[in-house]
Amino acid sequence: MLGIPAMPAPDYPADVRERLEPDAREIIARYPNSRSALLPLLHLVQSEEGHVTPTGQRFCAEMLDLTTAEVNAVATFYSMYRRKPSGDYQVGVCTNTLCAVMGGDAIFDDLKQHLGVGNNETTEDGKVTLEHIECNAACDYAPVVMVNWEFFDNQTPESARRLVDDLRAGREVLPTRGAPMCTFKETARILAGFPDQRPGAVEATGGGGEPSIAGLRLARGEAPAGRLAHPRGPAGPADQPMPLPGEEAPQSHPSSHDLPQSTSASDPASEANPVRPESGEESE
Ligand code: FES
């Protein structure tokens, strides 16, 4: 059976296209292959309309000499691209394992009730879109809520309610760390790769929070090595400090097996292990 050819999506109005084309060309020029610019271009069209529309996809396809099917396949794969109109503030509650057990599930349930919306739905005033999100690598501050990808750490149902109320009322809201807040469309333009001109943004994003950079300091040898606590037993070999990079770990240390090995000796079952037990011989 012959299919009916799909109608092409409408183009942007001339004035919008005139504005977006130079931005798109600037983005494309950053890459050796133009098709590599698809992800930032999708952010660019998202910054125009608040979500990726068929018109936006057509624009990306034309600028990159791709088919709209190719653009659509990418736009529908990544959850950062919205496929329907969004609120000014995308409020994401992390319900991944650690945040969930630390209270993320309770926050999400509470906000659904408080805002009168479900997952991926927008409040009637068009201000807040609520969604549950996966781990954003901020587990050290669980439970975490993100607004337009800025962090609000160590939240409770009460603090999260206050947060969405302030956003809807237009009151100033400051993330726990990171850059100052802006709207979803403004965030999309920054993600497209254009300079973040918010006052204080550069300073705010120049480093991570203390718990996040503790491991980095340790790896660089800038912080004393940690010690394992033994609440139920006497101190033993495990109380030795963790080795600094380049130092050999004492074999009695419980984490010595985690250190990178230069050979396959780290895996007794490996075919390539020179001391692999003979078949039928149990390894200890
Ligand atoms: S589980 Fe929530 S940030 Fe990792």
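Mentor: Let's begin with residue classes: Ala, Val, Leu, Ile, Met, Phe, Trp, Tyr, Cys and Pro count as nonpolar, Asp, Glu, Lys and Arg as charged, and the others, Gly among them, as polar. A cavity, on a 1 Å grid over the protein atoms alone, is a set of points where a 1.4 Å probe fits but cannot get out, and lining residues have an atom within 4 Å of a point. Its volume is the space filled by probe spheres set on the points, which are joined across faces, edges and corners. This is a predicted model: local features need pLDDT of at least 70, side-chain atom pairs count only at pLDDT 80 or more, and totals for chains, interfaces and linings use all residues. Residues are numbered from 1 along each chain as its sequence is written, and side-chain values use heavy atoms, without hydrogens and water.

Trainee: How many cavities of 30 Å³ or more does the structure hold?

Mentor: One. The largest cavity has a volume of about 40 Å³, and its lining consists of His43, Gln46, Met80, Trp149, Phe184, Thr187, Ala188 and Leu191. By class, that lining has five nonpolar, three polar and no charged residues.

Trainee: Which helix gives the most to this lining?

Mentor: Helices are DSSP runs (H or I, at least four residues), numbered from the N terminus. Helix 7 gives the most, with four residues. Helix 2 (38-49) and helix 7 (184-191) each supply at least two.

Trainee: And what is the volume of the largest pocket?

Mentor: A pocket is an open set of points with protein on both sides within 12 Å along at least five of seven lines. The largest pocket here has about 320 Å³. Of its 14 lining residues, Ser79, Arg82, Asn120, Glu131 and His132 are the closest to its centre.
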